[in-house]
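Open the structure in your viewer and keep the selection panel handy. We will go from stop to stop, picking something to select each time and looking at what is there.

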Amino acid sequence: MIKNSFIPVISQKKEEENPGSVEFQVINFTNKIRRLTSHFELHRKDYLSQRGLRKILGKRQRLLAYLAKKNRIRYKKLINQLDIRESKIR
């Protein structure tokens with residue numbers, strides 16, 4: 001098994017270590033998504049993990065939509081920090 005040490009993991013600041021905060025959850029989902037996408041480079045037919053990836057992507061999308069509605073400044077800051085593109089808001 002290959003270690004995933006080459007995948008950049010986004011670190012949290014000291015004040016953002018509240019596991020219930022939206023930012024913390026989105027950062028954790030982003031780290032999981034990056035790990036899974038590197039996993040698919042080796043295991044293309046791992047369909048069960050692909051399903052898990054789709055579920056995590058949906059959860060992150062819903063959390064980002066919630067954050068965009070509640071606090072646009074925190075949303076923009078998080079999008080820039082994670083370097084993910086801005087999704088369309090319903």
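**First stop: α1 and α3**

Select α1 and α3 together: their axes come within 11 Å and cross at roughly 25°. Axes here are lines fitted to C-alpha atoms, for helices over the stretch in contact, and angles run from 0 to 180 degrees between N-to-C directions. That crossing angle makes α1 roughly parallel to α3, since angles under 35 degrees count as roughly parallel, over 145 as roughly antiparallel, 65 to 115 as roughly perpendicular and the rest as oblique. α1 passes α3 in a right-handed crossing. A crossing is right-handed if the near helix is turned clockwise from the far one by less than a right angle, and left-handed if anticlockwise.

Before moving on, please note that this is a predicted model, in which local features need pLDDT of at least 70 and side-chain atom pairs count only at pLDDT 80 or more, while totals for chains, interfaces and linings use all residues. Residues are numbered from 1 along each chain as its sequence is written, and side-chain values use heavy atoms, with hydrogens and water left out.

Now show the side chains between these two helices. Glu23, Val26, Ile27, Thr30 and Arg34 of α1 meet Arg74, Leu78, Gln81 and Leu82 of α3, where contact means heavy atoms within 4.5 Å.

**Zoom out: the whole chain**

Colour by secondary structure. The chain has 3 helices and 0 strands, and its elements run α-α-α from the N terminus on. Helices (H or I, at least four residues) and strands (E, at least two) are DSSP runs, numbered from the N terminus. Of the 90 residues in the chain, 32% are buried; buried means under 20% relative accessible area, exposed over 50%, and partly exposed in between (1.4 Å probe, protein chains only). Among contacts in the chain with a separation of 6 or more, 48% join residues 24 or more positions apart.

Select α1 and α2. They pack at an angle of about 150°, with axes 10 Å apart, and are therefore roughly antiparallel to each other. Their crossing is left-handed.

**Into the core**

Which residues have the most contacts inside the largest nonpolar core? Select Val26, Leu64, Tyr75, Leu78 and Leu82, which hold that position in a core of 18 residues. α1 (22–42), α2 (47–70) and α3 (72–82) each supply at least two residues of this core, and α1 gives the largest share, 7 residues. A nonpolar core is a set of buried Ala, Val, Leu, Ile, Met, Phe, Trp, Tyr and Cys residues joined through side-chain atoms within 4.5 Å.

Centre on valine 26. Leaving aside neighbours within four places in sequence, valine 26 is in contact with Arg60, Leu63, Leu64, Leu78 and Leu82.

Then pick tyrosine 75, in helix α3. Tyrosine 75 is buried, with a relative accessible area of 0%. Its C-alpha atom is separated by 7.0 Å from that of leucine 64, 11 residues away along the chain.

**Arginine 74**

Step to arginine 74, also found in helix α3. Arginine 74 is partly exposed, with a relative accessible area of 37%. Leaving aside neighbours within four places in sequence, arginine 74 is in contact with Glu23 and Leu67. Its side chain makes a polar contact with the side chain of glutamate 23 (2.5 Å). A polar contact is a pair of N or O atoms within 3.5 Å; within protein, one must be able to donate a hydrogen and the other to accept it, and residues adjacent in sequence count only if both atoms are side-chain atoms.

Select serine 21, in the segment before α1. Is serine 21 buried or exposed? At 16% relative accessibility, serine 21 counts as buried. The serine 21 side chain reaches the backbone oxygen of asparagine 18 at 3.0 Å.

Finish with aspartate 83, in the segment after α3. Aspartate 83 has a positive phi of about 60° although it is not a glycine, and at 68% relative accessibility it counts as exposed.
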